[in-house]
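Here is a protein model to go through by question and answer.

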Amino acid sequence: MDEIKILLEQILNTQFIQAVISNPRLKEGVLKIKVRPVQMKDQLFYQLESFTKTQAFHENLKKQETIEKLLKYMGEFRQLQIATEQENYTVLVSKKGKVTIQKKKNKDGKKATEMTHNRTKKYILQEGMQVPFLQDLGVMTSEGKIVRSRFDKFRQINRFLEFIEDILPKLEKGRELTILDFGCGKSYLTFAVYYYLHELKNYDIKVNGLDLKKEVIEHCNELAEKYGYKKLSFLVGDIADYEGVSQVDMVVTLHACNTATDYALAKAIGWNAQVILSVPCCQHELNGQIYAEELEPLMEYGLLKERFAALVTDGLRAKYLEASGYETQVLEFIDMEHTPKNILLRAVKAGKKNKQAEADIETCTKFLHAHPTLGKLLEEGEN
């Protein structure tokens with residue numbers, strides 16, 4: 001690995017753009033790693049984003065720490081792609097450990113990213129594009145400029161569309177797709193989904209947003225009519241009671257409070273939805289249930305118990321989705337430096353029920369004396 005170490009020593013500087021490690025020797029654990037430079041407090045760091053089948057992890061490292069970590073990964077992977085301002089490199093490692101390095105000029109000669117957390121980024125919805133719903137929702141001016149005080153919302157919308165972009169191959173073209181957004185609120189993301197899939201990607205979709213606030217729903221319907229979005233409509237209603245469709249292709253549920261998320265997930269599973277995107281909120285239910293003698297020394301701190309209960313709630317939701325035949329990822333919705341971290345559950349229908357996930361659920365719920373609403377709803381659906 002000496003050749004790779006020398007190369008990394010040379011290219012990890014201010015002209016480095018990005019690197020991607022791929023093609024793992026084992027199809028478990030970390031499957032891909034992305035590296036990019038970030039400037040923090042006048043110091044150059046390298047952000048490593050590693051991906052497993054279900055999770056993404058981030059860490060910011062100094063140069064030597066980055067080199068050590070990448071060398072370790074290269075013992076487990078076959079390929080490393082590197083882009084700098086001047087050259088692009090392809091590093092291949094054979095089964096016997098032979099290293100081949102290929103180099104060619106970067107014809108563009110342009111830097112793909114700035115080295116700051118506030119760097120100019122290629123968003124799906126670009127600043128300068130005149131997007132009507134972003135203007136009416138106060139995120140964008142009539143000239144296509146992002147309102148600075150709403151930039152976090154702009155980033156959030158684009159980040160959410162990136163989650164959808166990743167699963168586009170799972171959405172069938174050639175027929176009308178039905179998408180439901182439970183608890184749509186002011187519907188920033190509902191409009192974004194419709195605009196992205198219908199206007200930009202030419203999918204034939206019908207989107208329904210559901211919320212309890214009558215005034216908000218009326219306003220959203222007025223906007224949809226104004227834009228000519230004929231297959232986007234908004235309804236006043238409760239998630240638990242909604243029976244407006246028999247089949248759904250994608251279910252979105254963002255910040256549905258407490259067990260409302262469970263009702264939305266149960267509905268989605270019952271409809272055999274191909275894709276589920278859920279950002280849970282206010283996970284209070286298990287805080288009053290969980291008890292394990294071994295954890296009591298920690299659970300006597302109310303704040304810790306509250307956070308632990310929230311993580312357990314979302315962890316079990318992910319397992320219930322897996323048990324129901326979904327490949328499920330637990331992802332970070334928004335970057336920490338701009339807003340509090342949110343968990344997003346992204347589930348894609350994979351096939352048969354997962355017996356191991358069922359066993360894991362039974363073990364965890366028994367240990368914690370937990371009885372989640374989602375589990376009860378799924379049991380009722382089977383009976």
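The questions below start with confidence and then turn to salt bridges.

Reader: What is the mean pLDDT of the protein?
Author: This is a predicted model, so confidence comes first, on a scale from 0 to 100. Of the residues, 93% reach 70 or more. The mean pLDDT of the protein is 87.

Reader: How many salt bridges does a search of the whole structure find?
Author: Side chains of opposite charge can pair when their charged atoms come close. The cut-off here is a Lys or Arg side-chain nitrogen within 4 Å of an Asp or Glu carboxyl oxygen. A search of the whole structure finds 15.

Reader: How many residues apart in sequence are the parts that Arg175 and Asp249 tie together?
Author: Arg175 forms a salt bridge with Asp249, with the closest N and O atoms 2.6 Å apart. Arg175 sits in the loop between helix H4 and strand E8, while Asp249 sits in the loop between strands E10 and E11. The pair therefore ties together parts separated in sequence by 74 residues.

Reader: Which residue forms a salt bridge with Glu176?
Author: Glu176 lies in the loop between H4 and E8. The partner lies in the loop between helix H6 and E10, 55 residues apart from Glu176. The closest N and O atoms are 2.9 Å apart, and the partner is Lys231.

Reader: What is the relative accessibility of Lys231?
Author: Glu176 is partly exposed, at a relative accessible area of 32%. Lys231 also counts as partly exposed, and its value is 31%.

Reader: Which helix holds both Glu358 and Lys355?
Author: These two residues form a salt bridge, and their closest N and O atoms are 4.0 Å apart. They are three residues apart, about one turn of the helix. That helix spans residues 355–368 and is H10.

Reader: Is Lys355 buried or exposed?
Author: Glu358 is partly exposed, with a relative accessible area of 30%. Exposed means over 50%. Lys355 has 61%, so Lys355 is exposed.

Reader: Which residues do salt bridges that share partners join into one network?
Author: The bridge between Arg175 and Asp249 was described above. Through shared partners, the network joins Glu172, Arg175 and Asp249.

Key. Residues numbered from 1 in each chain as written. Predicted model: local features only at pLDDT ≥ 70, side-chain atom pairs only at ≥ 80, totals over all residues. Heavy atoms only, no water. pLDDT = per-residue confidence, 0-100. Helix = DSSP H or I, 4+ residues; strand = E, 2+ residues; numbered from the N terminus. Buried < 20%, exposed > 50% of the residue type's maximum accessible area, 1.4 Å probe, protein only.
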